[in-house]
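This report describes a few features of one protein chain. Look at the sequence and the structure below before reading on.

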Amino acid sequence: MSIRKLLLLLKPIDPYPFLRSEGASLIKNPQVLKYLESRCKVHRNAINFCQEILSKKQVEWKPISRNDVSNPIRDVDMVITVGGDGTLLHASHFLDDSVPVLGVNSDPTQAHEVEELSDQFDASRSTGHLCGATVENFEQILDDILHGRVVPSKVSRISVKLNSEPLLSHALNDVLIAHPCPAAVSRFSFKIKNKDGDTRPKTVNCRSSGLRVCTAAGSTAAMLSAGGFVMPMLSRDLQFMVREPISPGTTSTQMHSSFKPDQSMDVNWYSDHGTIYMDGCQVRYNVQLGDTIEISSDAPVLNVFLSKRV
């Protein structure tokens with residue numbers, strides 16, 4: 001595939017507008033303020049650097065803020081996101097499997113900074129698990145892509161049907177189904193179904209704080225934090241976990257597992273209110289009492305240029 005037309009999708013240049021109000025800083029701790037201002041500067045410099053590199057290449061490109069994307073991304077050969085995983089996740093909801101994406105982590109975590117400031121606050125920056133480049137290697141990776149020396153990886157996504165109707169968005173990391181109030185109990189049941197219609201012997205009934213289902217890419221995110229396991233990046237399996245189940249009893253062993261590409265999960269929702277959250281807060285859909293939700297890996301893959309370390 002010849003790549004000649006690019007879209008540069010950017011995290012907002014000033015990601016912390018709350019830092020100042022009428023000329024006065026809202027952050028009183030000077031070290032926290034210095035840290036946040038440094039993050040803004042590093043990100044701004046990364047954007048300028050990527051634009052300078054692109055200007056030297058024989059490609060057509062244009063920059064756009066991620067906040068200004070509202071329609072499917074078409075008529076480009078590739079998307080480059082500059083930010084972190086959140087920016088790439090945002091872009092993924094406007095991409096099908098025909099346009100590959102490269103993420104540039106504009107503000108990687110600095111180990112020495114985290115160690116130095118750990119007694120005062122969390123100085124972590126961007127993880128960039130899905131980002132295949134930083135400013136340090138962006139030009140080399142870009143050249144490899146433009147000359148066909150590397151190809152994107154086919155990363156699985158999650159397909160969701162609500163009352164048998166497919167939702168327009170596909171989750172790259174995970175899907176969380178929960179009550180919109182985090183303190184409320186969610187009531188639902190689920191079962192794993194084979195594509196031929198056969199199901200596991202028993203429906204699992206749950207009272208909990210919700211249900212999370214993740215892809216391989218998302219298995220290093222919230223799922224891992226909750227006690228899940230890391231999956232090979234190119235696996236098509238989906239992992240699920242019932243969050244904080246109440247008195248699971250004999251079904252406790254069925255609260256966390258995975259299912260295959262030839263299977264799906266059927267969920268019946270028994271609470272008055274609920275929300276399907278895709279990739280954190282990127283996309284959300286409301287559900288109500290009696291709704292059915294089908295979850296599977298029957299979604300177009302996302303072609304992502306990943307780091308060699310993944």
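In this predicted model, F240 and F259 are both buried. F190 is buried as well. Together, F190, F240 and F259 make up one aromatic cluster.

The structure holds four aromatic pairs, and two of them are listed here.

| Pair | Distance between ring centres | Angle between planes | Kind of pair |
|---|---|---|---|
| F190 and F240 | 5.3 Å | 65 degrees | edge-to-face |
| F240 and F259 | 6.3 Å | 40 degrees | tilted |

The pair of F190 and F240 is edge-to-face because its planes are at 65 degrees, and an angle over 60 degrees counts as edge-to-face. Both pairs link distant parts of the chain. F190 lies in strand β11 (residues 186-194) and F240 in strand β14 (residues 238-242), 50 residues apart. F259 belongs to strand β15 (residues 256-259) and is 19 residues from F240.

Strand β11 is also part of an open sheet of six strands, in the order β9-β8-β19-β16-β11-β12, with antiparallel pairing. The edge strands, β9 (165-166) and β12 (204-208), each pair on one side only. Within this sheet, β16 (residues 263-269) and β19 (residues 292-296) pair in the antiparallel sense over four bridges. V267 has I293 in β19 as its bridge partner.

How far apart should the ends of helix α1 be? Helix α1 (residues 30-55) has 26 residues, so at 1.5 Å a residue it should span 38 Å; its end C-alpha atoms are 37 Å apart, which agrees. The buried residues of α1 include V32, L33, Y35, C40 and L54.

Terms used
Residues are numbered from 1 along each chain as its sequence is written. This is a predicted model: local features need pLDDT of at least 70, side-chain atom pairs count only at pLDDT 80 or more; totals for chains, interfaces and linings use all residues. Side-chain values use heavy atoms; hydrogens and water are left out. Helices (H or I, at least four residues) and strands (E, at least two) are DSSP runs, numbered from the N terminus. The expected span of a helix is 1.5 Å times one less than its number of residues. Buried means under 20% relative accessible area, exposed over 50%, partly exposed in between (1.4 Å probe, protein chains only). Two strands pair if DSSP finds at least two bridges between them. Rings of Phe, Tyr and Trp (its six-membered ring) pair if their centres lie within 6.5 Å; planes under 30 degrees apart count as stacked, over 60 as edge-to-face and the rest as tilted.
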